[in-house]
Amino acid sequence: MRTPLIAGNWKMYTTPSTATVWMRALLEDLTSQDVSHVELVLNVPATHLAVLAPITAGTPVALGGQDVSAHDEGAYTGEVSAAMLANAGARYCVVGHSERRQYHAEDDALVGAKVAACLAGGLIPILCVGEVESEREAGEHEATVIRQLTGALEGIDLKDSGDLVVAYEPVWAIGTGKTATADDAQAMGAVARSFLKGRYGPLADAVRILYGGSMKPSNAAELLAKADVDGGLIGGASLKRDQYLAIAAAAPR
Ligand code: PEP
């Protein structure tokens with residue numbers, strides 16, 4: 001069985017100071033709540049990593065970034081490289097989130113370059129794919145996800161199934177309170193898995209495929225019970241400790 005990955009995406013919320021208080025409280029909560037059946041990762045603003053890394057070191061909580069430069073280093077003002085994120089304490093990095101695609105015009109080629117940058121720089125990419133509402137209504141959701149995976153993974157040679165995480169996030173469900181049904185999430189997880197199998201063979205069986213889009217304690221158990229939903233990418237609810245831990249607890253043991 002694939003260990004469920006319960007990945008928070010804090011977006012542009014909290015400061016290093018408030019995040020420090022939050023993280024200490026989460027670690028305190030973990031002394032009385034057993035969620036050792038899942039892997040916990042919080043994808044935080046880049047400014048928080050070096051502050052949170054000493055607090056989470058040696059605990060069950062891993063850290064991740066939310067975006068990464070496609071470049072190794074150079075005159076790219078404002079950009080943060082994979083090596084910088086890794087050195088500051090990140091193990092994972094969200095890549096191709098729909099908010100990056102929408103507000104920063106990231107296309108599949110750029111997302112692919114960022115996946116490659118993560119792998120070269122020592123980070124595990126959490127590659128986000130998913131259709132917008134009009135694509136779902138037009139019945140183009142599968143084709144959209146396959147196109148995004150094809151573009152982002154072109155030239156990416158996977159050596160270990162743990163080197164990649166895919167997050168299926170229907171854009172119409174992110175931050176809207178609308179959630180895909182568990183059956184739809186499973187169907188799209190299976191589409192992603194079948195693409196990965198065609199691309200990487202048996203390695204794909206162990207790649208984790210997450211669902212993201214208004215996951216919360218009330219819908220998590222049903223979603224996480226599905227065969228090709230190996231965890232969640234959780235925005236709003238991951239900022240609330242009780243909700244984040246309740247989602248983790250809802251994952252199958
Ligand atoms: C996300 O930010 O990837 C996300 C799924 O957000 P939310 O859980 O708030 O819909």
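Buried, in these legends, means under 20% relative accessible area, with exposed over 50% and partly exposed in between (1.4 Å probe, protein chains only). What you're looking at is a predicted model, where local features need pLDDT of at least 70, side-chain atom pairs count only at pLDDT 80 or more, and totals for chains, interfaces and linings use all residues. Residues are numbered from 1 along each chain as its sequence is written, and side-chain values use heavy atoms, leaving out hydrogens and water.

View 1. A search of the whole structure turns up two aromatic pairs; rings of Phe, Tyr and Trp (its six-membered ring) pair if their centres lie within 6.5 Å, and planes under 30 degrees apart count as stacked, over 60 as edge-to-face and the rest as tilted. Trp 10 and Trp 22 make an edge-to-face pair, 4.7 Å centre to centre with 80 degrees between the planes. Trp 10 lies in the loop between strand S1 (5-9) and helix H1 (16-29), while Trp 22, twelve residues apart from it, belongs to helix H1. Helices (H or I, at least four residues) and strands (E, at least two) are DSSP runs, numbered from the N terminus.

**View 2. Tyr 168 and Tyr 211 pair up across two strands.** This aromatic pair is tilted, at 6.3 Å centre to centre and 55 degrees between the planes. Tyr 168 comes from strand S6 (residues 165-168) and Tyr 211 from strand S7 (residues 208-212), 43 residues apart. Why does Tyr 168 count as buried? Because its relative accessible area is 2%, and Tyr 211 is buried too, at 1% relative accessibility.

**View 3. A charge over Trp 22.** Here the charged end of Arg 241 sits over the Trp 22 ring, 5.9 Å from the ring's centre. That label needs NZ of Lys or CZ of Arg within 6 Å of the ring centre and within 35 degrees of the ring normal.

**View 4. The largest nonpolar core.** A nonpolar core is a set of buried Ala, Val, Leu, Ile, Met, Phe, Trp, Tyr and Cys residues joined through side-chain atoms within 4.5 Å. The largest one has 67 residues, and Ile 6, Met 23, Leu 153 and Leu 196 have the most contacts inside it. Helix H8 (residues 182-200) gives the most to this core: eight residues.

**View 5. Around Ile 6.** Beyond its neighbours within four places in sequence, Ile 6 is in contact (heavy atoms within 4.5 Å) with residues including Val 38, Leu 224, Tyr 244 and Ala 251.
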